[in-house]
Amino acid sequence: MAAKKKTRPPEKTVPAAPPGNDFRLGEPYAPAPEATDHARIAPAYGLFINGAFVSAASGKRFPTVNPATEATLSEVSEAGPGDVDKAIAAARKAFGPWNRLKASERGKYLFRIARLLQERAREFAVIESMDGGKPIRESRDFDVPQAAAHFFYHGGWADKLAYAFPGRKIAPVGVAGQIIPWNFPLLMAAWKIAPALACGNTVVLKPAESTPLTALKLAELLADAGLPPGVVNIITGAGDTGAALVNHPGIDKIAFTGSTEVGKQIQRAVAATGKRHTLELGGKAAHIIFDDAPVDQAVEGIINGIFFNQGHVCCAGSRLLVQEGVAETIVAKLRRRMENLVLGDPLDKNTDIGAIHSRAQLERIEALVRAGVEEGACIHQSGQTLPAKGYWFRPTIFTETAQSHRINREEIFGPVLSVMTFRTPDEAIEKANNTPYGLSGGVWTDKGAKIFGVTGALRAGVLWANTFNKFDPASPFGGYKESGLGREGGLHGLAAYVNLSR
Amino acid sequence: MARTTPTPPDSPTIDAVGLAERVARFKARSLKAASKVSALKLALSMIDLTTLEGRDTPGKVRQLCRKAVRPDPADPSLPHVAAVCVYPTLVRVAKDALSGTKVRVASVATAFPSGQADLAPRLDEIRYAVAEGADEIDMVISRGKFLCGDHAAVFDEIAACKDACGEAHLKVILETGELHTYDNVRRASDLAMEAGADFIKTSTGKVSPAATPEVTLVMLQAIQDFHARTGRMVGMKPAGGIRDAKTAVTFLVMLRETLGPAWLTPEWFRFGASTLTNDILMQLTKQRTGHYQSARDYTND
């Protein structure tokens, strides 16, 4: 049927709006920044060892900056080998009494930590956004509530481990060294600390050198919760500090989240030492869209899959596989949707895309995007204005890409999506698995049988159907192949912090 | 009019969980200062001020028309609403009361609200309302026929109604509260636009739930796809259940981010509402003076 043509006289009924942001034109949203005056950041922090903040033996400090403004937020101490030694000794001393404490009492500490996190949620969210550059919407609605949820969940397990591992004798592993990345600083600390404590272990945790603040605020909170000294020690520093922790003979386990490269070094270092280890490493997730998918929701899933936390997510859906029949529609809708993402001040409540975490990361993203262009992929970037100061990158998608492009092989860890097409489910599975990584993946289709068929064939540790980037403390998280070893969360995550025997 | 496939074969399915997540993101948008004022004024100018009751009288309609022209006597700078919506027998009264203004007269027709009548009298009702002076016709679809799978009959009735409208604009009410699934809402939206609807509209206001943000988003996305495919713009009218300014602003955010600024005019978007007007006025006063006024400070016609 021919579309009816209608011509209407133009109607001007709306009077001019007052000066400033007009909802109808240009930037529709006036600034709506979250207040920061309640967030207490000390000018300098020591190392949290044996329940108190102490200076590093060397007295060395380094700054931590706000990537959205490049302003220095605070200075933190650089832990040397002697400080690492002290922290591990404190954890060792605390281990016996902590392990002998009635399990339900250990659980109470975890519940108390969870509740304190909820009470101070606003301060933690604001500092997380200032230190790491992520939008306040995410730190407020995701990072902090999820961190609290992990403490609640594991608090519940503390006195029920016999039900988690029925018929087995359960003992804690001992002193756990834990190294966490900069993309979800507080949440990763919670992922690591909560199961360790629930199972009766003590901890030495090293946050990333660029995002130490919420871990140090967590140290204050742990002290306020009355956690016995030495049960959790938090030391700051860069790679050398991490290496000192990994190589120290006094730890029984190392838990690491970060790059595959460092993960391999750690695995070499702990080989034949008897140290247990779990590694959560990189990813290059395939996000598969079939032609019977709910299109508009799939587009939203793709957007959240790649632009969540500026793409600084190991399980980001960075390789989009679209069935040829819907590829044109999906790409057109993605490009439209990208224009509606609000980019800017991470503390603004309307911000969807915050700052890139650091200059180094920005340079890495730019280099890989250049490689994509040089190798012949077709680039589409959204048109947001970038702030003058700080580190920023526009949401970017590549079309006309192939498996052989670097942007499809290497983890970009930024707001960059590459799109490939496929013809049949078998081809989608083959392409999805054609990567050294295997952390996560997603499938969109209206057909339940296809969901089970395809996800069963994907070699990835975390799979989502008709959604993406969903997390729950009860759900184990971890990778196949070069994406890591072991699982965190759920029963599988508990198993990483206990020694089981008959 | 030539008959073609009534249901476009490619109506996509809707995932309810993903839909609700998207709506939650719209609700989280924060509008402040000038941005909020301009959105509130826009919302006011998009209202179809409605009275659809058995007890409606010429007196009631004339008073409503005064409210439509000047919503807040304390602030004559505010825009008038888009239209007054009444039953066909009161169209003439509204038309006279609004002569010389730009407020349009809309009329429900086609055995509103149930649509349970033979097609011939339903078409006659449209012709009567148009002859009385209606600028816009709000028809209801036969939900019974749609739900028993006779989509062709629904397509044909909409196309016939469009013909009967002549120059008047046709808004097609899907009554989403009776269609129940988002897949049905999407299919009915596609059907209505294919058959010639100028506007698609959620509800009669007589069935609950009415214009939920989720249902409205499904329809906006259908409009976007139709526009991408055919180049023809179709208007959207959520009606029923939108009672406060905050909800209305959420709908405008949804409209802007889904269809774009071109739809941000009363020509392409309407609110079917009655109590919404005074809440918008109250919020505008708050923005201007910094204080909330009492409900009694706003006229109640």
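Within chain A, Asp85(A) sits in helix α1, which covers residues 81-100. Asp85(A) has a relative accessible area of 40%, and because this value lies between the 20% and 50% limits, the residue is classed as partly exposed. Although Asp85(A) and Gly250(A) are separated by 165 residues in sequence, their C-alpha atoms are 8.2 Å apart in space. These values, like those that follow, come from a predicted model rather than from an experiment.

Chain A contains 16 helices and 20 strands. Its radius of gyration is 24 Å, close to the 23 Å that the globule rule gives for 502 residues, so chain A is as compact as a globular protein of that length. Chain B, for its part, contains 12 helices and 8 strands. For its 301 residues a compact globule would have a radius of gyration near 19 Å, and the 19 Å found for chain B agrees with that expectation.

The table sets out further values for each chain.

| Property | Chain and value | Chain and value |
|---|---|---|
| Span of the C-alpha trace along the principal axes | chain A: about 80 × 55 × 40 Å | chain B: about 55 × 45 × 30 Å |
| Buried residues | chain A: 59% of 502 residues | chain B: 63% of 301 residues |
| Accessible surface | chain A: about 18900 Å² | chain B: about 10900 Å² |
| Part of that surface on carbon and sulfur atoms | chain A: 53% | chain B: 51% |

As for contacts along the sequence, in chain A 75% of the contacts between residues at least 6 apart join residues that are at least 24 apart. In chain B, residues 24 or more positions apart account for 75% of the contacts with a separation of 6 or more.

**The contact between the chains**

The interface brings 57 residues of chain B into contact with 46 residues of chain A. Together the two chains bury about 4400 Å² between them, and 51% of this area is on carbon and sulfur atoms. On the side of chain B, Arg25(B), Arg29(B) and Arg256(B) supply 15% of the area that this chain buries against chain A, which is more than any other three residues supply.

**Backbone features in loops**

Most residues other than glycine have a negative phi, and most peptide bonds are trans. Against that background, several positions in the model deserve attention.

The bond from Phe112(B) to Pro113(B) is cis, with omega near 0°, and Pro113(B) lies in the loop between β3 (104-108) and α5 (119-132) of chain B. The bond from Ser208(B) to Pro209(B) is likewise cis, with omega near 0°, and here the proline, Pro209(B), belongs to the loop between β6 (199-201) and α10 (213-230) of chain B.

Positive phi values occur in both chains, at Ala272(A) and at Glu175(B). Ala272(A), which is not a glycine, has a phi of about 60°, and this residue is placed in the loop between α9 (260-270) and β11 (276-280) of chain A. Because its relative accessibility is 87%, and the limit for exposure is over 50%, Ala272(A) counts as exposed. Glu175(B), also a residue other than glycine, has a phi near 50° and is found in the loop between β5 (169-173) and α8 (176-179) of chain B. Is Glu175(B) buried or exposed? With a relative accessibility of 0%, which falls under the 20% limit, Glu175(B) counts as buried.

**A further loop position in chain B**

Pro76(B) occupies the loop between α3 (58-69) and β2 (83-86) of chain B. Its relative accessibility of 54% is over the 50% limit, and Pro76(B) therefore counts as exposed. Between Pro76(B) and Val185(B) there are 109 residues of sequence separation, and the distance from C-alpha to C-alpha is 39 Å.

Methods:
Residues numbered from 1 in each chain as written. Chains lettered and ligands numbered in written order. Predicted model: local features only at pLDDT ≥ 70, side-chain atom pairs only at ≥ 80, totals over all residues. Heavy atoms only, no water. Helix = DSSP H or I, 4+ residues; strand = E, 2+ residues; numbered from the N terminus. Rg over C-alpha atoms; globule rule 2.2 N^0.38 Å. Buried < 20%, exposed > 50% of the residue type's maximum accessible area, 1.4 Å probe, protein only. Contact = heavy atoms within 4.5 Å. Areas by Shrake-Rupley, 256 points an atom, 1.4 Å probe, with all protein chains shown as cover. Buried area = accessible area lost by both parts, 1.4 Å probe.
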